Amino acid sequence: MEIVEGFSKLSREEKIRFIQDNLPMVADVKEITNHYRHETDQSVFDDFSENTLSNFYLPYGVAPNFLIDGKMHVLPMVIEESSVVAAASRAASFWAKHGGFKTTVHDTLKVGHLWFEWSGDATILHNQSPALQAYLKASVKEITKSMEERGGGIVNIQFIQQPQLHNVWQMQVSIRTADSMGANFINTCLEAMKEALMSYFEGLNLPEVEIIMAILSNNTPDCLVTCEVSCKVEQLTPYSAELLPQEFAQRFKLAMDIAYHNTYRAVTHNKGIYNGVDAVVLATGNDFRAVEAAGHAYASRDGQYRSLSTCNITNDGYFKLSLTLPLALGTVGGLTRLHPLAALSMEILRSPSAEELMSIAASAGLANNFSAVASLVTTGIQKGHMKLHLSNILTSFNATLEERERTEAYFSDKTVSLQKVREFLKR
Ligand code: MEV
């Protein structure tokens with residue numbers, strides 16, 4: 001296939017024809033992409049991105065019974081993995097009976113950087129820092145005015161030299177962005193400060209500043225939330241399967257400690273946390289790539305990638321589970337209100353503030369983490385997965401209600417595979 005120029009300028013029909021004609025397609029691209037378009041509101045989705053042909057569906061589900069900081073929530077979750085919503089719901093019901101999820105938002109500070117080259121004397125820059133900071137803040141006051149009215153704004157500006165790179169500096173701007181995730185706001189402020197930074201140096205006859213780039217950082221270790229649950233060890237019976245709750249708690253803690261020390265396990269362990277976190281992040285129209293990137297950087301903050309959650313069994317017999325992670329989320333701006341289902345999620349969550357949404361997403365993460373590790377140290381995860389896997393297979397075979405019931409009963413104590421289900425249905 002040749003390089004195609006000006007693809008974005010083609011009409012949707014022409015783009016579809018291009019794919020159909022230039023790729024060895026068996027599928028009817030037009031028919032399939034048409035089928036999944038929205039009858040009345042397609043223009044809303046088309047506008048989110050470029051070259052949109054259709055919509056990619058993912059299940060939009062809800063997990064009830066999330067008691068978070070004394071308030072009951074139903075959590076909207078968007079996820080394709082069959083067991084996640086069920087596991088979150090079960091864990092939520094369990095923890096609601098034991099005080100629920102208790103959260104602390106430590107801070108919501110974010111940073112952005114204006115990177116520049118400058119050959120002057122570092123002490124001059126440090127001495128100028130307070131006056132320069134005031135000058136830079138004043139240069140963007142039209143942009144920051146409404147954010148300040150909402151409780152956010154620029155908190156601090158620092159000049160830091162990048163030691164490995166000759167004459168490379170960062171102007172680090174710390175910002176609070178109220179209920180918005182703030183990526184656009186931060187980038188707008190940073191870009192608007194380029195001129196001011198250059199003119200300030202020029203005015204003092206200092207060596208010229210060469211701007212490299214201006215961009216927020218998705219590393220948000222100071223936009224941090226902790227979520228905790230605890231119960232008496234003997235109350236863990238619903239999760240301990242064949243084990244005594246005391247044995248279960250010990251084994252659970254050992255699994256958590258393995259995830260702390262071993263990076264292979266930590267990555268999978270944290271993936272289980274993000275099953276819940278991302279599902280809420282997606283359902284509320286937030287940026288899951290930013291959330292993931294920040295979380296994995298935070299998990300590596302001491303130089304080794306570790307688990308984000310910890311477990312503790314106290315001398316007085318309490319089982320405690322805690323998760324701390326950065327979550328840069330918004331409840332206004334971006335897609336949070338533009339996407340009709342994200343707007344619905346906000347209503348289901350009773351219009352949370354960004355801090356409340358941090359608590360909610362962290363609770364979903366801890367719920368899924370608890371469920372996953374509990375399964376791993378008892379029955380294994382395949383049992384639960386297979387039940388849902390069977391349901392998906394039966395759907396793909398268009399099984400009737402009676403066929404479903406009989407197949408589910410037959411496979412209740414057997415390993416599920418596509419082939420075996422097909423044979424059983426044939427019989
Ligand atoms: C699967 O999506 C998630 C788990 O692998 C998480 C874990 O291992 O803790 C079950």
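Predicted model: local features only at pLDDT ≥ 70, side-chain atom pairs only at ≥ 80, totals over all residues.
**View 1. Phe 66 and Phe 101, a stacked pair.**
The count for the model comes to 23 aromatic pairs, and here we zoom in on one of them, Phe 66 with Phe 101. The ring centres sit 5.4 Å apart, with 20 degrees between the planes. Phe 66 belongs to strand β1 (residues 60-68), while Phe 101 is in the loop between α4 (84-96) and β3 (102-108), so the pair ties together parts that are 35 residues apart in sequence. Are these two rings, Phe 66 and Phe 101, buried or exposed? Both Phe 66 and Phe 101 are buried.

**View 2. Phe 116 and Trp 169, another stacked pair.**
Centre to centre this pair spans 6.5 Å, and the planes are 10 degrees apart. Phe 116 comes from strand β4 (residues 110-117) and Trp 169 from strand β6 (residues 168-176), which links distant parts of the chain, 53 residues apart. Phe 116 has 0% relative accessibility, so it counts as buried. Trp 169 is buried too, with a relative accessible area of 0%.

**View 3. A cluster of rings joined by ring pairs.**
Which residues do the ring pairs link here? The cluster takes in Phe 94, Trp 95, Tyr 239, Phe 248, Phe 252, Phe 319 and Phe 370.

**View 4. Two arginines over tyrosine rings.**
Arg 301 lies over the face of Tyr 298, 3.9 Å from the ring centre. Over at Tyr 260, the charged end of Arg 306 sits above the ring, at 4.3 Å from its centre.

**View 5. Where helix α9 crosses helix α10.**
The axes of α9 (residues 245-261) and α10 (residues 263-283) come within 6 Å of each other. They cross at roughly 110 degrees, and α9 and α10 are therefore roughly perpendicular. The crossing of α9 past α10 is left-handed. On the α9 side, look for Met 256, Ile 258, Ala 259 and His 261; they meet Thr 263, Arg 265, Ala 266 and His 269 in α10.

**View 6. Where helix α6 crosses helix α7.**
How do the axes of α6 (residues 141-149) and α7 (residues 183-203) cross, and what distance do they come within? They come within 10 Å and cross at roughly 150 degrees. That makes α6 roughly antiparallel to α7, and the crossing of the two is left-handed. From α6, Ile 143, Thr 144 and Met 147 meet Phe 185, Thr 188, Cys 189 and Ala 192 of α7.

Notes
Residues numbered from 1 in each chain as written. Heavy atoms only, no water. Phe/Tyr/Trp six-rings, centres within 6.5 Å; stacked < 30°, edge-to-face > 60°. Helix = DSSP H or I, 4+ residues; strand = E, 2+ residues; numbered from the N terminus. Buried < 20%, exposed > 50% of the residue type's maximum accessible area, 1.4 Å probe, protein only. Lys NZ or Arg CZ within 6 Å of the ring centre and 35° of its normal. Axes fitted to C-alpha atoms, helices over the stretch in contact; angles between N-to-C directions. Parallel < 35°, antiparallel > 145°, perpendicular 65-115°, else oblique. Left-handed = near helix turned anticlockwise from the far one by under 90°. Contact = heavy atoms within 4.5 Å.
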